[in-house]
Each structure stands twice: as C-alpha cells, then as structure tokens.
Amino acid sequence: MEPEAEKLMAQSFEKNAIDKSEYPRTADIENRCVNIIADLWHAPKDEAFMGTSTIGSSEACMLGGMAMKFNWRKNAQKHGLDINAKKPNLVISSGYQVCWEKFCVYWDVELRTVPMDADHLSLDLNHVMDYVDDYTIGIVGILGITYSGRYDDIAGLDRLVEAHNQKTNFPVYIHVDAASGGFYTPFMEANLKWDFRLKNVISINASGHKYGLVYPGVGWVLWRDKQFLPEELVFKVSYLGGELPTMAINFSHSASQLIGQYYNFIRYGYQGYKAIHTRTHEVAQYLTHALEETALFDIVNDGAQLPVICYSQKPDNQHEWTLYDLSDRLLMKAGKYLPIRCLMISRRPWCNGSLFGRISG
Ligand SMILES: Cc1ncc(COP(=O)(O)O)c(C=O)c1O
C-alpha cells in the first residue's frame, strides 16, 4: 500500500471499529465503503441492500451461509417440511475454499460437493441441479477458485436456478464467493454478469486484502435486499444516542483496515484499480507465454481472467526434477533476490509521485 495509507492506518491502530459511538467517523467510513461496493456489484436501485465489513472472506462466507440457512428454515417451516428429517445442505463445487467446510461443520449443514475433473475445472452446470433438493439452503458459485483461478459460470447457474425456482415451493438462491474476483472482475470484465445483475444472486463476499489491495484482514459481504438477511442476524448497538445495526461475527478489531480500504477506493478510484489490475494481467499473460515457451509445462489456467497461472509438468518430459524441486528453487531465489511476486508490482502512472510502486513484504 502507499506510504500515506500506511501512515493513516498506523494512526488508527488503537481505534476499535466496533465501538461505533466512540468512533462514529469509522462507522461512517465503513458505510461509505459498503455503498461503494454495492454500486460496484450493481445492487438494484429498487431493492434495499445491506452489508458489512468482516475480518476476511471466511467470516463473510459464514454470514452469507447463515443467512441462507435461516431463510431456508423459515420457508421450510412455512411449507410444512419436516426440518428434522435430515440435515440442510449446501451445494458447491469441489474446488471450494476450506471456509465452506468450516461453515458446514460449525452450523451443522451437509456439504454437497459437485465433483470437478479435467473437463470441468469449475462448477459443472450439467450436474449441479442434481445435488439440489428441498433441504438445500443455497448454492455457492465461486468467482475465482482458490486453486486454479477459474470462474464458475454464475450467469449459467442463475438460469438453471431460475428454471428450478419456477416449479417449487423451496426456491434456492446463489451466494457468490467472490473472495478474489469481487475486486478484480468489475474492473477487468465489466460486462461479465456474475453479481446482483443476476436475479438469483442474493449475497456476495469478497476479500479487501486480495484484489481490494489492502493489508489483511478485511472482507465484505453484501445482500442485495434486506429480505435476504434475516432479522435475527442483525444486532443493534448504541450509536451516538441512536442505534446502528451490526451483523458481523467478530466484535473488537482495529479500524485500520477500514481506513485502508476507504483510502484505496478514494485514492485509486475505478480507473486506478483498473490500471493496477491491467498491469497485473499483463504480467500474468507474459508469464503464461514464457512458461509455454519452455515446452516443459501444460497450462491448466492461463491467467486470462484472474491473474493466476496454473500449470502441470508435461508427463513426457525427461528432466530429473519435479514441480516440488522447482518450487523449492523459486523459494531459494526469492530469499536471496526478489520475491516472484515482485513482478506483480504495478507502475502507477496516474500517481503524481514515483512511477514505480514500492516493493514491500
Ligand atoms: C474462494 C475463496 N473463498 C474464501 C477465502 C477465504 O478468504 P480470507 O482469507 O479472506 O478469509 C479464500 C481465500 O483464499 C478464497 O480463495
């Protein structure tokens, strides 16, 4: 992050973000960030979005999952389904991040995974609806699978869900785990529909500390309308003599990350984020090309969307080393010279100061 951002963050280490009456400006800044993100993710104007900051996507996913579970239960009771007959379930591709497994263990939900294979390196739309039944609390689409960088086809999923919901009393909705893509895709593929433009996407999470470009830990979760965030999950805290809703799981934490997120939003703006991500995208393209040229690897994901390159060693290669050896060598080099990720450092031509970002970390 920029030195000015670091300074501002350091000046707010001691401020407790949850103490909204002591630090009303922090509460205001958090709300402004929620508004900015709602706009970025196309929250419909005729619905009342709600959202909160979290410590990261893991907490945000827990909240998204809990809201879906509470809503499912209410609807199930309304339609006379025996909610004790079996566990509610959550449907997701097997490329899920571990926070979803945690969610299912903590909140007693069955994790139903749609298998991925070499032909389906993201959610398999041919089979996903086979996993859905009356006990399904929701389907999670992933915008940026942690291990490969691939996107699930959220628009395709929305069409399937819409067709399903037309003929049942037990509709399912989509939560998008956009931990990585949430602050990348809107700048790089603005026309790709994955967010609240899709009718059945009811909640989205993203990590501020990934492509939101803030130091860890900050995340965000938003619901397209307050009807999708059950009242039981919203607690009222006193706020300057009034009351302010809070729905995060964690309580005390420093305000620094919120200050950092707001700084980045204002400092970079849409064009700034786009410029940084474009640069990173170009680096990813360069690396993919360079890896291909070695003729040693099969590219699994070429970084055309998220700048994540995933590759395997060609089975026929005769070299007496494996990808573990390569990884080891890169780590050695990283210690001695520069981390590989220094290639991701952006030039920031829109800044008045130095043309080059600083190498940190
Ligand atoms: C798809 C996905 N979901 C959730 C998470 C958890 O994010 P966080 O580290 O912000 O809690 C990650 C982190 O890599 C992720 O890739």
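So, buried here means under 20% relative accessible area, exposed means over 50%, and partly exposed is in between, using a 1.4 Å probe and protein chains only. Keep that handy for what follows.

Quick housekeeping: this is a predicted model, so local features need pLDDT of at least 70, side-chain atom pairs count only at pLDDT 80 or more, and totals for chains, interfaces and linings use all residues. Residues are numbered from 1 along each chain as its sequence is written, and side-chain values use heavy atoms, with hydrogens and water left out.

Okay, salt bridges. The rule is a side-chain nitrogen of Lys or Arg within 4 Å of a carboxyl oxygen of Asp or Glu. How many salt bridges does that rule give? The count is 14.

Let's start with Arg25 and Asp28, whose side chains meet at 3.6 Å, N to O. Both sit in helix α2, residues 24-40, three residues apart, which is about one turn of the helix. Helices, by the way, are DSSP runs of H or I with at least four residues, strands are runs of E with at least two, and both are numbered from the N terminus. Arg25 is exposed at 57% relative accessible area, while Asp28 is partly exposed at 23%.

Next up, Lys87 and Asp108, with their closest N and O atoms 3.3 Å apart.

Is Arg112 buried or exposed? Arg112 is buried, at 16% relative accessibility, whereas Glu110 is partly exposed at 31%. Salt bridges with shared partners link Lys86, Glu110, Arg112 and Asp133 into one network.

Which atoms touch ligand oxygens? A backbone N or O atom of Ser57 is 2.8 Å from one, a polar side-chain atom of Thr146 is 2.9 Å from one, and a side-chain N or O atom of Ser207 is 2.8 Å from one. As for cover, the protein takes up 85% of the 390 Å² of accessible area that the ligand has on its own, by the Shrake-Rupley method with a 1.4 Å probe.

Last bit, aromatics. Rings of Phe, Tyr and Trp (its six-membered ring) pair if their centres lie within 6.5 Å; planes under 30 degrees apart are stacked, over 60 edge-to-face, and the rest tilted. The whole structure has 15 aromatic pairs. In one of them, Trp72 and Tyr135 have ring centres 5.9 Å apart and planes at 45°, so the pair is tilted. Trp72 is in helix α3 and Tyr135 in the loop between β3 and β4 (136-142), so the pair ties together parts 63 residues apart in sequence. Both residues, Trp72 and Tyr135, are buried.

Methods
Polar contact = N/O pair within 3.5 Å; in protein donor to acceptor, adjacent residues only side chain to side chain.
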